[in-house]
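Student: I would like to learn how to read a few features of a model. Could we take them one at a time?

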Protein chains: 2
Amino acid sequence: MEEIDLAIIGSGAAGIGAAVYALRRNLKIKVFEKEAVGGQTAKAVFVENYPGFKKITGLELMQKMRDHLQSLGSDVEEGNGVKKIVKSKNGFELDLDEGEKVFAKTVLLATGTENRHLGLKGEEELYGKGVSYCANCDGPFFKGKKVAVVGGGNSGVTNALYLAEMASKVFLFEFMPNLNCDEIYLPMLEKQKIEVMKNTQIAEVLGKYKVSGVKVKARENGKEKKIDVDGVFFYVGLTPQNSLAKQVGAEIDEKGFVKVDENQMSSVNGFFAAGDITGSLAQTIWAAAEGAKAALAIHDFLRIK
Amino acid sequence: MEEIDLAIIGSGAAGIGAAVYALRRNLKIKVFEKEAVGGQTAKAVFVENYPGFKKITGLELMQKMRDHLQSLGSDVEEGNGVKKIVKSKNGFELDLDEGEKVFAKTVLLATGTENRHLGLKGEEELYGKGVSYCANCDGPFFKGKKVAVVGGGNSGVTNALYLAEMASKVFLFEFMPNLNCDEIYLPMLEKQKIEVMKNTQIAEVLGKYKVSGVKVKARENGKEKKIDVDGVFFYVGLTPQNSLAKQVGAEIDEKGFVKVDENQMSSVNGFFAAGDITGSLAQTIWAAAEGAKAALAIHDFLRIK
């Protein structure tokens with residue numbers, strides 16, 4: 001079985017940040033990714049708050065990070081996730097999607113989060129038939145159509161702005177009485193004529209074979225109404241991808257995030273975590289920084305071990 | 001007196017990272033800088049570990065961050081530091097180097113660190129006459145000459161490599177038995193024929209009107225010897241620039257770093273700190289991330305206040 005110093009699981013900003021730092025410390029690493037490179041950042045239409053890049057698409061930023069990684073002689077193994085982890089005395093045995101096994105002295109979990117599903121009536125049934133969690137992926141299918149965006153944080157708002165460039169009409173629903181996005185977006189929402197409905201709960205996704213509308217409820221008076229849309233995009237929080245952490249018995253908090261110490265190590269010796277999976281600031285810059293910190297801590301851990 | 005939401009003191013990665021985030025939250029800010037933009041990062045010959053940039057000079061990276069800040073309608077006030085801070089009931093009164101006063105509801109201290117001085121005989125006397133703390137600034141004066149670099153961490157090593165491109169001979173002195181730099185630099189040191197002396201203490205800087213050499217002591221046997229050099233560059237740790245924190249009475253740890261909570265706030269209400277001044281990971285990516293985190297926390301602080 002191939003033996004490595006560090007298995008990094010996930011290739012968002014945390015995973016790649018860690019890989020860059022680990023390679024510079026000459027650790028023998030592999031980066032496993034069950035899907036495509038880039039994590040949540042790659043799904044962002046634009047990233048405008050990673051210091052140093054005024055405006056860049058999420059995909060471009062993650063491609064630059066991947067280039068950085070490649071320049072150090074490694075790469076992400078795309079489509080090759082980790083199915084199973086077993087802790088042994090001096091490390092971890094990993095079963096990979098592609099069938100091989102790898103022995104890693106340490107593991108960095110950087111699996112991040114996925115956009116949360118609300119579990120509404122119609123939501124799962126119509127997934128891929130008008131229900132989406134990624135405007136960047138599915139937005140272009142809604143050219144000239146009406147869409148709803150659920151969630152008034154930065155993700156919801158920036159994706160609503162993106163969709164307004166192609167959709168004929170965009171509704172933005174926020175559960176709370178106010179949007180919680182960066183204020184610079186507020187005039188843009190007006191300019192794009194996005195219809196913002198605050199204090200509004202989404203109750204149901206309507207449609208038989210494809211989305212035909214949404215049922216929403218005004219939280220002030222409980223009144224329900226139907227709004228015709230062809231698509232619904234959900235940006236209502238994040239679900240930590242913690243199944244591998246649970247497998248090895250790492251402590252998880254009540255929201256499902258992996259608990260880590262000041263060196264990014266979980267409750268399991270040699271099993272580290274960085275980025276959104278730790279429940280820290282869900283920002284690309286922060287995830288990259290936690291990855292860097294974890295890699296330096298792992299280097300120390302291996303040296304002392 | 002002009003009133004602003006947030007005064008950011010210092011324009012390294014932490015200060016500018018915070019400014020970018022704060023401006024996106026529509027805070028009224030100013031960024032004060034007693035010297036030139038860029039903090040420690042700007043002094044780095046090359047930055048090769050800020051994820052997304054394979055290799056960039058420190059100055060270029062900080063210029064990109066400044067461009068980012070400018071694109072949001074603000075800028076760094078270079079050469080206009082903060083002389084004095086007085087806490088009042090709802091904020092802070094700042095006396096600026098240029099004479100004005102500003103009232104800021106909150107302050108973010110991002111003054112970072114300066115390279116530590118050892119206080120050796122000859123060190124202060126010959127500062128600017130062969131003694132330097134910035135190879136990037138002063139290196140070109142030593143073309144074809146012999147130089148010593150003190151300190152075998154990443155800073156010392158990368159600066160020794162840089163100096164080797166122009167100096168006729170480079171000595172690298174490390175106090176400990178091993179270098180503590182990223183391992184990828186080790187073969188480069190050999191290739192550049194840098195003479196590495198480990199377990200070696202620097203005892204004195206020699207020279208009357210300018211540096212003529214250094215006296216070093218082998219820690220193994222206490223033997224001293226003189227080595228002829230024309231320049232000495234010190235990279236032996238960092239001294240936190242905490243005088244303003246002391247002025248407002250913020251708690252400082254035993255090494256001089258400002259203590260902060262999980263929101264980057266110091267023990268003084270409304271007085272925050274981010275980056276190297278907090279004693280956290282002295283890395284550009286980490287400083288930028290702490291700046292971002294502080295700005296979001298400050299935005300919340302002002303909203304709740």
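Student: Is T41(A) buried or exposed?

Tutor: A residue counts as buried when its relative accessible area is under 20%. In this predicted model, T41(A) has 8% relative accessibility, so T41(A) counts as buried.

Student: Where does T41(A) lie, and with which residues is T41(A) in contact, leaving aside neighbours within four places in sequence?

Tutor: T41(A) belongs to helix α2 of chain A, residues 39-43. With those neighbours set aside, the residues in contact with T41(A) are A13(A), V47(A), G58(A), L59(A), L61(A), M62(A) and T284(A). The side chain of T284(A) also makes a polar contact of 2.9 Å with the side chain of T41(A).

Student: At what angle do helix α1 and helix α8 of chain A pack?

Tutor: The angle is about 40 degrees, and the axes are 7 Å apart. The crossing of α1(A) and α8(A) is right-handed. From α1(A), the residues in the contact are A13(A), A14(A), G17(A), A18(A), Y21(A) and A22(A); from α8(A), they are T284(A), A287(A), A288(A), G291(A), A292(A), A295(A) and L296(A). By type, this contact of α1(A) with α8(A) has 10 nonpolar residues, three polar and no charged.

Student: How many residues of α1(B) are buried?

Tutor: The helix is mostly covered, with 12 of its 12 residues buried. Among them are I16(B), Y21(B) and R24(B).

Student: What does α1(B) reach from its first C-alpha to its last?

Tutor: Helix α1 of chain B, residues 13-24, reaches 17 Å, close to the 16 Å expected at 1.5 Å a residue. Just after α1(B), N26(B) has a positive phi of about 60 degrees.

Technical notes
Residues numbered from 1 in each chain as written. Chains lettered and ligands numbered in written order. Predicted model: local features only at pLDDT ≥ 70, side-chain atom pairs only at ≥ 80, totals over all residues. Heavy atoms only, no water. Helix = DSSP H or I, 4+ residues; strand = E, 2+ residues; numbered from the N terminus. Buried < 20%, exposed > 50% of the residue type's maximum accessible area, 1.4 Å probe, protein only. Polar contact = N/O pair within 3.5 Å; in protein donor to acceptor, adjacent residues only side chain to side chain. Contact = heavy atoms within 4.5 Å. Expected span 1.5 Å × (residues − 1). Axes fitted to C-alpha atoms, helices over the stretch in contact; angles between N-to-C directions. Left-handed = near helix turned anticlockwise from the far one by under 90°. Nonpolar A, V, L, I, M, F, W, Y, C, P; charged D, E, K, R; others polar.
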